[in-house]
Amino acid sequence: MDDIAGAAGMSKKTLYKLFASKTELFRAMLLRSLPEADYADTPSEGSPVTRLRNMLREAADVALSPGEIALQRLIIGERQASPELGRMFAEVIMESGMEHIVDLLRTIRLESRFEGVPLRLISEMLFGMVFGHDHFRLLTDTEFRLNRRVLDRRIDLAIATFCAAEDQAR
């Protein structure tokens with residue numbers, strides 16, 4: 001908070017008048033950055049499956065970027081002192097991305113075996129399939145480098161798992 005107050009050209013006391021806690025300051029920062037990470041800004045042309053593919057690629061560009069990984073490492077490191085930071089991060093960032101995916105899934109014909117499965121659950125599974133491995137490696141291994149070709153292949157396989165074959169071909 002001292003560093004933030006100094007960078008903003010104010011005292012720590014003034015900063016606490018604006019934000020009751022570190023958590024509230026962090027929430028404001030996340031909400032301010034959401035337009036940069038708004039998956040709804042992905043190109044709207046093409047079939048729904050093409051738009052889903054583009055949305056997952058854009059989400060990967062945001063979620064797996066070096067700055068985002070550094071922020072997530074910081075949140076993990078601070079979880080003992082400020083456990084609410086992690087919860088808030090998940091609430092603000094993850095919920096935004098999940099809702100956009102759910103909205104798009106409503107326009108896609110899914111494989112019949114997923115009839116009756118909540119779209120929220122499918123959205124979570126898509127995110128896990130696409131980002132799980134690379135996200136974990138990036139968080140834990142500073143030598144790991146993201147392979148975009150492998151990530152794109154993973155996106156295609158995740159889509160093939162859930163989307164009806166004729167929708168994928170469009």
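How many salt bridges does the structure hold? The structure holds 11, a salt bridge being a side-chain nitrogen of Lys or Arg within 4 Å of a carboxyl oxygen of Asp or Glu. This is a predicted model, in which local features need pLDDT of at least 70 and side-chain atom pairs count only at pLDDT 80 or more, while totals for chains, interfaces and linings use all residues. Residues are numbered from 1 along each chain as its sequence is written, and side-chain values use heavy atoms, with hydrogens and water left out.

Start with the fold. The chain has 9 helices and 0 strands. Along the sequence, the pattern reads α-α-α-α-α-α-α-α-α. The chain has 170 residues, and 36% of them are buried. Buried means under 20% relative accessible area, exposed means over 50%, and partly exposed lies in between (1.4 Å probe, protein chains only). A contact means heavy atoms within 4.5 Å. Among contacts between residues at least 6 apart in sequence, 66% join residues at least 24 apart.

Side chains of opposite charge can pair when their charged atoms come close. Arg 57 pairs with Asp 152, with the closest N and O atoms 3.1 Å apart. Arg 57 sits in helix α4 and Asp 152 in helix α8 (residues 148-162), so this pair ties together parts that are 95 residues apart in sequence. Arg 57 counts as partly exposed, because its relative accessibility is 25%.

Helix α8 has another partner. Asp 134 forms a salt bridge with Arg 154, and their closest N and O atoms are 2.7 Å apart. Asp 134 belongs to helix α7 and Arg 154 to helix α8, so the pair ties together parts 20 residues apart in sequence. Asp 134 and Arg 154 are both buried.

A further pair joins Arg 137 and Asp 141, with 2.9 Å between the closest N and O atoms. Arg 137 is partly exposed at 29% relative accessibility. Asp 141 is also partly exposed, with a relative accessible area of 24%. Shared partners link salt bridges into one network of Arg 57, Asp 61, Arg 148 and Asp 152.

Turn next to the nonpolar cores. Such a core is a set of buried Ala, Val, Leu, Ile, Met, Phe, Trp, Tyr and Cys residues joined through side-chain atoms within 4.5 Å. The largest has 29 residues. Those with the most contacts inside this core are Leu 52, Leu 56, Ile 101, Leu 105, Ile 108, Leu 110 and Leu 126. Helices α4, α6, α7 and α8 each supply at least two of its residues. Helix α7 gives the most, with 7 residues. Leu 105 touches Leu 52, Leu 110, Leu 119, Ile 122, Ser 123 and Leu 126, leaving aside residues up to four places away in sequence. Apart from this core lies another, of 8 residues, including Leu 71, Leu 85, Phe 89 and Ile 93.

Val 92 is placed in helix α6. Val 92 counts as buried, at 8% relative accessibility. The C-alpha atoms of Val 92 and Arg 27 are separated by 7.8 Å, although these residues are 65 residues apart along the chain.

The pockets come last. On a 1 Å grid over the protein atoms alone, a pocket is an open set of points where a 1.4 Å probe fits, with protein on both sides within 12 Å along at least five of seven lines; lining residues have an atom within 4 Å of a point. Grid points are joined across faces, edges and corners, and a volume is the space filled by probe spheres set on the points.

The largest pocket has a volume of about 350 Å³. Of its 13 lining residues, Ile 4, Lys 22, Leu 25, Phe 26 and Leu 74 are the closest to its centre. Elements α1 (2-7), α3 (22-33) and α5 (66-77) each give two or more residues to this lining. The largest share, 4 residues, comes from α3. By class, the lining has 9 nonpolar, no polar and 4 charged residues. Here Ala, Val, Leu, Ile, Met, Phe, Trp, Tyr, Cys and Pro count as nonpolar, Asp, Glu, Lys and Arg as charged, and the others, Gly among them, as polar.

The second largest pocket has a volume of about 210 Å³. Its lining has 14 residues, with Ala 63, Met 94, Phe 127, Phe 131 and His 135 nearest the centre. Helices α4 (48-63), α5, α6 (83-105) and α7 (119-140) each give two or more residues to this lining.
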